[in-house]
Amino acid sequence: MLDNEEYSHGRRRSVDVGGLALALENQGLGHGWGGWEEDEQGETRYAELLSDMYNHTQTTVSHHVHDISPIVIPAHTRAHLINSLDSWHFEPQNLPEEEVLFCAQILFESLFRIEHMREDIGVSLDDISVFLKHLQPLYCGHNSYHNFQHAVDVLQASQAFLCAAGIVPPVSILLDSDDCTWRPNRLGKEGRLAFDLNNTCLFALFIAAIGHDVGHPGLTNMFMKNAKAPLSDVYDNKSALEQMHCALLIQAMRHHGLGKLLDRPDSGFRKMLAGIVLATDMSVHYQFIRDFQSLVDGREYSLDRRRLLFCQAIIKCADISNPSRPPGVSHYWANALMTEWTYQASLEKRWSLPPSVTPSECPLDQVRGQIFFIGSYAKPLMDLVAQAVPEMDIFACQCTANLAMWVARKEVLSSVPAEDSPYPPVAIPCLRLPEDLLTSFPLTLPAFVLTADEPPASGEWHSIYPPSDSSSSSDFGSDVHVDHPIVFPSLSPPASPVPSVGSSYALATRSSSSSLASNTSDATQAMRAAYSASVRKKKSFHHRYSWNVSINSGSPVTLTPPPSLATIPKAVLSLADSTASNGTTVTSVTAMVTSPVGGGENNGGLKVP
């Protein structure tokens with residue numbers, strides 16, 4: 001932990017921050033960034049935030065590596081889960097935690113039955129298995145919606161859409177006794193957009209689906225902007241959560257042999273992966289609709305752009321697929337999301353922040369919210385994508401049927417007094433305590449939570465990260481240490497909220513002074529390399545600035561989504577202590593249509609002996 005002197009005079013004087021600030025100054029960048037007119041202050045503050053993001057990303061991922069053995073699925077459980085995964089009535093929320101993980105493994109196994117997938121990707125199923133075990137605790141089990149069950153739900157929905165399109169096999173192919181491979185049957189489907197995808201695109205889509213919300217705090221981008229969370233500053237309030245998901249996902253991949261895909265020259269894998277994840281930000285929803293509509297209408301795009309747009313369409317449909325599920329499943333996820341919104345609304349009230357979500361307090365409010373969301377977002381998206389993938393029309397029809405059900409329910413509720421409603425009130429479980437927020441990725445915390453100016457109101461809050469000799473593998477091989485417990489301030493905001501994280505931000509899990517001295521070269525080179533690769537200043541998906549990646553270039557596009565988009569949230573990290581073999585404490589953070597999944601014995605695909 002850095003000494004307090006490191007934070008004197010309004011800035012840190014650590015070598016890594018100084019090195020990055022120097023790099024920014026040498027390139028004439030960072031001037032005026034974040035609202036500061038003074039060049040030095042803008043560069044230094046910018047460098048501090050990037051350094052914090054770098055350290056916390058590595059520490060969060062590294063301290064969850066505790067079991068590197070592949071997943072082993074009992075035979076009887078495997079058969080049961082395979083059948084569940086081939087049904088559109090899939091309900092991961094009703095499965096034991098380990099079986100949710102098994103489902104993710106099984107879906108990747110089915111993907112690897114595609115001809116030449118193993119050779120094209122160059123990673124083993126064992127690598128993927130360990131990666132999935134690592135990824136699961138990076139999601140927050142406290143979240144009612146943005147949790148690992150949601151990630152697996154999105155992965156299963158993506159697989160179902162691709163299976164309906166005929167470009168991946170049904171999961172039931174794993175029940176075959178022979179270890180045959182599978183290839184799509186393109187006969188009569190020449191020119192279909194789905195068949196533009198190659199194996200690399202399919203794998204990127206699967207990885208994006210399972211990792212698209214990793215580290216989600218259960219709060220929206222708008223909440224973090226209003227609360228002045230440092231993460232919003234890092235990304236200039238542009239898709240901050242989605243950028244964080246990319247950073248954590250990529251770091252986790254590098255731990256388990258998947259980094260070679262990110263660095264493979266000319267593969268486009270990293271750009272594809274980031275572009276898919278970033279598309280899940282609802283603030284760019286209408287821009288995506290315009291782009292995909294133009295593709296459907298026949299506009300000429302490059303092959304890479306066509307592939308990206310199609311993958312984005314699939315994950316967007318999967319991410320908001322709940323309204324297209326059978327009614328019982330759809331109702332569960334609607335209630336789960338409402339629980340998260342209610343928690344966020346309680347924090348906004350507690351901290352006097354502008355309200356950014358409107359939780360439903362009665363059945364009629366919930367019905368109106370569902371009608372608005374399905375009619376404005378889910379159904380138009382499903383209908384549009386079904387134009388490009390006719391086989392997805394069955395999902396769009398279910399979405400339409402669910403919308404009609406909600407409309408009918410609204411008519412009933414509107415015609416009777418609330419006390420005579422035939423429907424039960426909205427069931428909101430007991431909300432988590434505000435203190436649970438402290439288990440989030442640190443930079444998602446409001447600035448006044450990170451400020452140590454005031455003593456704790458009751459007791460001390462300690463860092464979620466334990467002492468560690470070093471981090472595991474990373475992008476740049478830098479070590480990260482925590483030498484002392486970290487004291488959290490009171491969760492009550494100061495009378496005048498701190499506008500942003502500043503000199504009093506002492507939460508970053510940095511190296512000790514001696515460790516920093518020994519790792520100066522690596523850290524400085526890493527930061528310089530990051531910025532040389534156009535950190536934040538490269539154009540990315542829909543012309544936003546990105547720390548990790550770039551997607552497209554071109555003239556800036558002004559997006560003007562409706563105000564209601566701010567109320568659409570996009571899972572606080574669940575951590576458990578365990579003791580390693582060396583004694584070190586480690587913290588590991590009915591159905592209204594026939595099931596459309598499967599579509600017959602290989603869904604028109606061809607088995608390859």
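Student: What should be kept in mind about the model before any value is read?

Tutor: This is a predicted model, in which local features need pLDDT of at least 70 and side-chain atom pairs count only at pLDDT 80 or more, while totals for chains, interfaces and linings use all residues. Residues are numbered from 1 along each chain as its sequence is written, and side-chain values use heavy atoms, with hydrogens and water left out.

Student: What is the hand of the crossing of α6 and α11, and which residues make the contact?

Tutor: The crossing of α6 and α11 is right-handed, a crossing being left-handed if the near helix is turned anticlockwise from the far one by less than a right angle, and right-handed if clockwise. Phe131, His134 and Leu135 of α6 meet Leu249, Ala252, Met253 and His255 of α11, where contact means heavy atoms within 4.5 Å. By class, this contact of α6 with α11 has five nonpolar, two polar and no charged residues; Ala, Val, Leu, Ile, Met, Phe, Trp, Tyr, Cys and Pro count as nonpolar, Asp, Glu, Lys and Arg as charged, and the others, Gly among them, as polar.

Student: What makes α14 and α17 roughly parallel?

Tutor: Helix α14 (residues 285-296) and helix α17 (residues 363-388) pack at an angle of about 20°, with their axes 10 Å apart, and α14 and α17 are therefore roughly parallel to each other. The crossing of α14 and α17 is left-handed. Among the residues in this contact are Phe288, Ile289 and Phe292 of α14 and Leu381, Leu384 and Val385 of α17. The contact of α14 with α17 divides into 10 nonpolar, four polar and no charged residues.

Student: How do you know whether Glu348 is buried or exposed?

Tutor: Buried means under 20% relative accessible area, exposed over 50% and partly exposed in between, with a 1.4 Å probe and protein chains only; at 3% relative accessibility, Glu348 therefore counts as buried. Glu348 is found in helix α16 (residues 327-350), and, leaving aside neighbours within four places in sequence, Glu348 is in contact with Phe223, Leu353, Pro354, Pro355, Ser356 and Val357.

Student: What joins the side chains of Glu348 and Ser356?

Tutor: A polar contact of 2.4 Å joins these two side chains. A polar contact is a pair of N or O atoms within 3.5 Å; within protein, one must be able to donate a hydrogen and the other to accept it, and residues adjacent in sequence count only if both atoms are side-chain atoms.

Student: Why is α13 described as largely enclosed by the rest of the structure?

Tutor: Nine of the 10 residues of helix α13 (residues 269-278) are buried, so α13 is largely enclosed by the rest of the structure. The buried residues of α13 include Phe269, Arg270 and Met272, and what covers the buried residues includes α8 (199-211), α11, α12 (259-263) and α15 (303-319).

Student: What makes the phi of Asn237 and that of Asp266 worth noting?

Tutor: Most residues other than glycine have a negative phi. Asn237 has a positive phi of about 60° although it is not a glycine, and Asp266 has a positive phi of about 65° although it is not a glycine. Asn237 is found in the loop between α10 and α11, whereas Asp266 lies in the loop between α12 and α13.

Student: Why is Asn237 called partly exposed, and why does Asp266 count as exposed?

Tutor: Asn237 has a relative accessible area of 40% and is therefore partly exposed, whereas Asp266, at 84% relative accessibility, counts as exposed.

Technical notes. Helices (H or I, at least four residues) and strands (E, at least two) are DSSP runs, numbered from the N terminus. Axes are lines fitted to C-alpha atoms, for helices over the stretch in contact, and angles run from 0 to 180 degrees between N-to-C directions. Angles under 35 degrees count as roughly parallel, over 145 as roughly antiparallel, 65 to 115 as roughly perpendicular and the rest as oblique.
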